[in-house]
Amino acid sequence: MKADFAYNIGDLVSFTQRRLTEDYVDDFVLTGVVIKQRFVFTADNKFLVKTPEKDYWVSRPALTLLSRAQNKT
């Protein structure tokens, strides 16, 4: 079965990350590039997003597409 992903490798996406401390909850928006896709049969697909600081596995509903990667082939 071929997986049909909402985002392709190379797409520019953004997502919200939450940082919890004893004193506060801080939500901030990160921007990165999809570098890997993971098909999940029973849940939302996951995408590995590379940001300048580190890589994050993010589920499909949490991502916002900023720009599609162009196919140069």
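Strands here are DSSP runs of E with at least two residues, numbered from the N terminus. This is a predicted model, in which local features need pLDDT of at least 70 and side-chain atom pairs count only at pLDDT 80 or more, while totals for chains, interfaces and linings use all residues. Residues are numbered from 1 along each chain as its sequence is written, and side-chain values use heavy atoms, leaving out hydrogens and water.

**View 1. Asn45 in its loop.** Let's start with Asn45, which sits in the loop between β2 and β3 (46–50). Asn45 has a relative accessible area of 12%, so it counts as buried (under 20%, with a 1.4 Å probe and protein chains only; exposed is over 50%, partly exposed in between). Beyond its neighbours within four places in sequence, Asn45 has contacts (heavy atoms within 4.5 Å) that include Asp4, Phe5, Arg38 and Val58.

**View 2. The open sheet.** Five strands line up in the order β4-β3-β2-β1-β5, with antiparallel pairing (strands pair if DSSP finds at least two bridges between them). At the edges are β4 (55–59) and β5 (64–67), each pairing on one side only.

**View 3. β1 beside β2.** Here β1 (residues 12–20) meets β2 in antiparallel fashion over nine bridges. Look for Leu20, standing opposite Val25 of β2.

**View 4. Ile35 in strand β2.** Ile35 belongs to strand β2 (residues 25–38). Its relative accessibility is 34%, which means that Ile35 counts as partly exposed.

Methods
Helices (H or I, at least four residues) and strands (E, at least two) are DSSP runs, numbered from the N terminus.
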